[in-house]
Amino acid sequence: MNFIKRLSTLALSLCVLLISATACADTFADVDSGAWYSDDVEAMAENGYLTGYEDGTFRPEGTITKAELVSVVCRITGTEASESANSHWADGFIQAALNAGFFDWDEIPPDGTTYDEPITRQLAVKIVMNAFLPDEAGDYNTVYSEVSDFSDLDGRYYESMFAAYCSGVVNGDEYSRLNPKSTITRAEACAVIMRAVGISGGEYGAYTPAATPEPQAEKTYISGGVSDNGWLSVSGTQLVNENGESVILSGMSSHGLQWYPQFTSEAAIRSTAEYGANVFRCAMYTAEGGYLSDASVKSTLISAVDTAIACDMYVIIDWHILSDGDPMTSIDAAAEFFAEMSARYADEPAVIYEICNEPNGSITWSGNVKPYAERIISVIRENSRGIILVGSPTWSQDLHEAAADPLDAENIMYTCHFYAGTHTEWLRERIASCGLPVFVSEWGTSAADGSGGVYLDEAQKWIDFMNENGISRVNWSLCDKNETSAAVVSGADISDGIAWDELTESGKFVFANF
């Protein structure tokens, strides 16, 4: 790539750059020895500045996050991590880099909210230049005359970008663009950092973590139905059964009950159980022709709940707000509904209550979702001790907002929704760092709009992540809608159950992973 020039022509102070070019292939399965960035990646890996993923890959074309870039820079410069102020793995490095003046507070607020966002090129360059070449200067006229997208560069990054460009740390692409506001790949970030290291002429030793954590015993998780596990509760961040054993629930969600009621029949739900599912989610839309305009849809819901219970499955009663994005809008109706449902199923350990599917729009956790949740939780708790699932803003993805101001209640889990074609490593990092008990009550193999894909490679990464972290999940959706997220082929007759050849590509992947 022309954003940077390959570093191999420079005589770096790091002697490890003299290693064989074939070694890179041994370090990361997806880094070819002849790749333009291989020497840089290998040198950084050998010195402990970066590590790959658990599957042995580096993913060079993937974007690098703010937390990842800052932590690498700190390791190279020997900037020791400060005491962490939150649970994010990189917080100590972020705090230390901020104190060292590598970036400004508003660029990466030290509260963890943006740590896992992809970093822009202009911010990445600023951090690298401040860390390795703080006294380097550039020339305005040179950059102005040679860079075609000069106007895209924010003024606060002029000094660092001018210095980087004029010193050769970065170069324009084939169209003489710096693309300052676009993201930077992992490979590009390595090369930019190592070029700055070489120009600085500094001596940088290998990185050794302050302490190596003791190896931990492999976690085990229980599956099984209600007869195996009984009443569920939350212990720390984990869903557990009556014996205190960690449990993973895995199953399907219906689509809108008003549109696809046939997929909540006894034959359809029992089929998912026979394939290994132990939970079924009943998506009762509130708007879009759902419950708030047609209360009869509640009968379909109750029938589906009773059927799932009869199949020894856990079942989620989902108050499925979507277009009506603010849960406060219909809080009185929600309170009345959950009072009725929690009384009806007060003594039923199978029933789980999802009180707000995907809050969205101009709302906040503390201003809208939390006060709604506090009222609805109190209503349910008058009758039931069952698990309650609570969404968050931005379609149940703003877990960091909930983590900063959590609910004061027991047996509460926070939902996260993802679609493999849209939501990737950054959202997994958000889940891993939030410190909350998380339940993935909706996920898909498609893009977020239900189409595209199916993205099975990324979906498998999600499955592996959820398995490793004991996260329960429900796939969207059990229907034959003409979209790639649908589990059943269009027009299939499922009156006698769901045969394997009646499953879509997505359906086969999901059912095989129960």
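Me: Which residues do ring pairs link into a cluster with Phe-150?

Reply: A pair of aromatic rings is described by the distance of the centres and the angle of the planes. Rings of Phe, Tyr and Trp (its six-membered ring) pair if their centres lie within 6.5 Å; planes under 30 degrees apart are stacked, over 60 edge-to-face, and the rest tilted. In this predicted model, ring pairs join Tyr-140, Tyr-144, Phe-150, Tyr-158 and Phe-162 into a cluster. Local features require pLDDT of at least 70 and side-chain atom pairs pLDDT 80 or more, whereas totals for chains, interfaces and linings use all residues. Residues are numbered from 1 along each chain as its sequence is written, and side-chain values use heavy atoms, with hydrogens and water left out.

Me: Which parts does the pair of Phe-28 and Phe-58 tie together?

Reply: Helices (H or I, at least four residues) and strands (E, at least two) are DSSP runs, numbered from the N terminus. Phe-28 belongs to the loop between α1 (23-27) and α2 (38-46), and Phe-58 to the loop between α2 and α3 (66-77), so the pair connects parts that are 30 residues apart in sequence.

Me: Is Phe-28 buried or exposed?

Reply: Buried means under 20% relative accessible area, exposed over 50%, and partly exposed in between (1.4 Å probe, protein chains only). Phe-28 is buried because its relative accessibility is 4%. Phe-58, at 1%, is buried as well. Elsewhere, Tyr-144 and Phe-150 form an edge-to-face pair, 5.2 Å centre to centre with 80 degrees between the planes; Phe-150 is buried at 9%.

Me: Which residue lies over the face of Phe-58?

Reply: A charge sits over a ring if NZ of Lys or CZ of Arg is within 6 Å of the ring centre and within 35 degrees of the ring normal. Arg-186 lies over Phe-58 at 4.8 Å from the ring centre. Likewise, Arg-428 lies over the face of Trp-462, at 5.0 Å from the ring centre.

Me: What is the secondary structure of the protein chain?

Reply: The protein chain has 18 helices and ten strands. Of its 514 residues, 56% count as buried. Along the principal axes, the C-alpha trace spans about 75 × 45 × 45 Å.
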